[in-house]
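Below is a short report on one chain. Read it with the sequence and the coordinates open.

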Amino acid sequence: MNDSAGQDKRRFDFGDIVRIDGYEDEWYRVEGYTELNYYSLEGMYQESYYDLARIPDGLYLDGYDDNMTLICTAEEAWEALEKRKEKTGKKR
């Protein structure tokens, strides 16, 4: 994780490649994230959502921890994308 403030909360980081429930054939790159803090008398609740770009066309989508699955980290992305391109025969 890139910043220590949310390090223990976020499951995904910038550049990670993920799959979204309901869109299993499509891959998305994590472009950013938003963290929301809700405060009440009962305490504090934190929610995060991720800004995603579909590979290869960049179509925007929001993702949440409970509907995202990690395909590979940012460090592994180039190799994973090359393997997928070879496997499908498509330009990605």
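S48 is buried, at a relative accessible area of 11%. Buried means under 20% relative accessible area, exposed means over 50%, and partly exposed lies in between, with a 1.4 Å probe and protein chains only. S48 sits in strand β3, residues 43-55. Leaving out residues up to four places away in sequence, S48 touches T34, E35 and Y64. Contact here means heavy atoms within 4.5 Å.

## Basis of the model

This is a predicted model, in which local features need pLDDT of at least 70, side-chain atom pairs count only at pLDDT 80 or more, and totals for chains, interfaces and linings use all residues. Residues are numbered from 1 along each chain as its sequence is written, and side-chain values use heavy atoms, with hydrogens and water left out.

## Overall layout

The chain has 1 helix and 5 strands. Their order along the sequence is β-β-β-β-β-α. Helices (H or I, at least four residues) and strands (E, at least two) are DSSP runs, numbered from the N terminus.

The chain holds 92 residues, and 29% of them are buried. Its accessible surface comes to about 6300 Å². Carbon and sulfur atoms supply 48% of that surface. Areas come from the Shrake-Rupley method with a 1.4 Å probe; for residues, only the protein chains shown count as cover. Among contacts with a separation of 6 or more, 45% join residues 24 or more positions apart.

## Tyr28 in strand β2

Y28 belongs to strand β2. Y28 is buried, with a relative accessible area of 2%. Its contacts, neighbours within four places in sequence aside, include D16, I17, V18, I20 and Y23. They also include L52, A53, R54 and I55, as well as L59 and L61. Y28 and R54 are 26 residues apart along the chain, yet their C-alpha atoms are separated by 4.3 Å.

## Helix α1

A80 lies in helix α1, residues 77-88. A80 is buried, at a relative accessible area of 17%. Neighbours within four places aside, A80 is in contact with W27 and C72. A80 and I17 are 63 residues apart in sequence, and their C-alpha atoms are 8.9 Å apart in space.

## Salt bridges

Side chains of opposite charge can pair when their charged atoms come close. A salt bridge is a side-chain nitrogen of Lys or Arg within 4 Å of a carboxyl oxygen of Asp or Glu. The count by this rule is 6.

E31 pairs with R29, and the closest N and O atoms are 2.4 Å apart. E31 is partly exposed, at 43% relative accessibility. R29 is partly exposed too, with a relative accessible area of 35%. R54 pairs with D57, the closest N and O atoms being 2.5 Å apart. E26, R54 and D57 are linked in a network of salt bridges.

## A cis peptide bond

Most peptide bonds are trans. The bond from I55 to P56 is cis, with omega near 20°. P56 is in the loop between β3 and β4 (60-64).

## A negative surface patch

Which residues gather in a patch of negative charge on the surface? They are D21, E24, D25 and D66. Patches are made of residues with over 30% relative accessible area and no salt bridge; like charges are joined within 9 Å, and nonpolar side chains (Val, Leu, Ile, Met, Phe, Trp, Tyr) within 5 Å. Lys and Arg count as positive and Asp and Glu as negative, while His and the chain ends are not counted. The place of a charge is taken as NZ of Lys, CZ of Arg, CG of Asp or CD of Glu.

D21 is in the loop between β1 (17-20) and β2 (23-40). D21 counts as partly exposed, at 43% relative accessibility.
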